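Please look over the structure shown here with its sequence, and then read the briefing below, which goes through it topic by topic.

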Amino acid sequence: MQSGRGARAALATAAADQMVYNAVREGSAPQRVSLQSRHGMRNAHVVRAIAMMETNMEDPPTPYEIAEEIGISTRQLERLFTKYLGATPKAYLMQIRLHRARNLLVQSEQSITEIAVACGFSSNSHFSKVFRGHFGRSPVSHRTTLN
């Protein structure tokens, strides 16, 4: 978990990314924030790994699958994530999944079950337990508090 200024910046970036829509934009209009800018690093392996995580949310890849896809060892992937992100690939993937779930709770009318499945959780009970452990309240409580 991040704290303080880093957490606020990450939340602001996530919110901005959620507001991006698919319309024709003028050449001077800003694009969606790149992964490199969002995370403040330029390691190509880490960027590719994060992109892979974000595009396979419903069926999250294992660290082994990610490492194999980008052509490095699992141990090297773990070292890079620890160095650049301060978390293991598995922990970082869980953060991505939970933050996506939180966004869906607030921004969609999907059921808790649909959100759990969309974020790669096999059961509501597991999703709720992990969500509560990360955010300090259940998905239902999070949704009703914000609405």
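In this predicted model, Arg97 lies over the face of Phe121, at 4.2 Å from the ring centre; a charge is said to sit over a ring if NZ of Lys or CZ of Arg is within 6 Å of the ring centre and within 35 degrees of the ring normal. The chain around this pair holds 9 helices and 0 strands, where helices (H or I, at least four residues) and strands (E, at least two) are DSSP runs, numbered from the N terminus. Because the model is predicted, local features need pLDDT of at least 70, and side-chain atom pairs count only at pLDDT 80 or more, while totals for chains, interfaces and linings use all residues. Residues are numbered from 1 along each chain as its sequence is written, and side-chain values use heavy atoms, with hydrogens and water left out.

**Confidence**

- The mean pLDDT of the chain is 81, and 71% of its residues reach 70 or more; pLDDT is the predictor's confidence in each residue, from 0 to 100.
- Confidence in the chain is highest in helix α4 (residues 63–70), at a mean of 97, and lowest in helix α2 (residues 35–39), at 50.
- Over residues 19–37 pLDDT stays under 50, and for this stretch the model has 15 contacts beyond four places in sequence, a contact meaning heavy atoms within 4.5 Å.
- Where pLDDT is low, the predicted coordinates should not be read in detail.

**Burial and the nonpolar core**

- Of the 147 residues of the chain, 33% count as buried; buried means under 20% relative accessible area, exposed over 50%, and partly exposed in between (1.4 Å probe, protein chains only).
- The largest nonpolar core has 30 residues, and Leu77, Phe81 and Phe127 are those with the most contacts inside it; such a core is a set of buried Ala, Val, Leu, Ile, Met, Phe, Trp, Tyr and Cys residues joined through side-chain atoms within 4.5 Å.
- At least two residues of this core come from each of α3 (44–55), α4, α5, α6 (89–107), α7 (112–118) and α8 (124–135), and α6 gives the most, with 7 residues.
- In soluble globular proteins, nonpolar side chains tend to be buried together.
- Ala49, found in helix α3, counts as buried at 0% relative accessibility, and, not counting residues up to four places away in sequence, Ala49 touches Ile66, Ile70, Leu77 and Phe81.
- Phe127, likewise given as buried at 0% relative accessibility, is in contact with Ala101, Ile112, Ile115, Ala116, Phe121 and Pro139 once its neighbours within four places in sequence are left aside.

**Aromatic rings**

- The chain has 4 aromatic pairs, counted where rings of Phe, Tyr and Trp (its six-membered ring) have centres within 6.5 Å, with planes under 30 degrees apart taken as stacked, over 60 as edge-to-face and the rest as tilted.
- Phe81 and Tyr92 form an edge-to-face pair, 5.8 Å centre to centre with 70° between the planes, and this pair links distant parts of the chain, with Phe81 in helix α5 and Tyr92 in helix α6, 11 residues apart.
- Phe81 is buried, with a relative accessible area of 0%, and Tyr92 also counts as buried, at 9%.
- Phe121 and Phe127 form a tilted pair, 5.1 Å centre to centre with 50° between the planes, and Phe121 counts as buried at 4% relative accessibility.
- One aromatic cluster is formed by Phe121, Phe127, Phe131 and Phe135.

**Charged side chains**

- A search of the whole structure finds 1 salt bridge, defined as a side-chain nitrogen of Lys or Arg within 4 Å of a carboxyl oxygen of Asp or Glu.
- This salt bridge joins Glu78 with Arg75, the closest N and O atoms being 3.7 Å apart.
- Glu78 and Arg75 are 3 residues apart in helix α5 (residues 74–85), so about one helical turn separates them.
- Both partners are partly exposed, Glu78 with a relative accessible area of 30% and Arg75 with 47%.
- Lys129, in helix α8, is exposed, with a relative accessible area of 66%.

**Distances and contacts along the chain**

- The C-alpha atoms of Lys129 and Pro139, 10 residues apart along the chain, are separated by 9.2 Å, and those of Ala49 and Pro61, 12 residues apart, by 9.7 Å.
- Among contacts in the chain between residues at least 6 apart in sequence, 51% join residues at least 24 apart.
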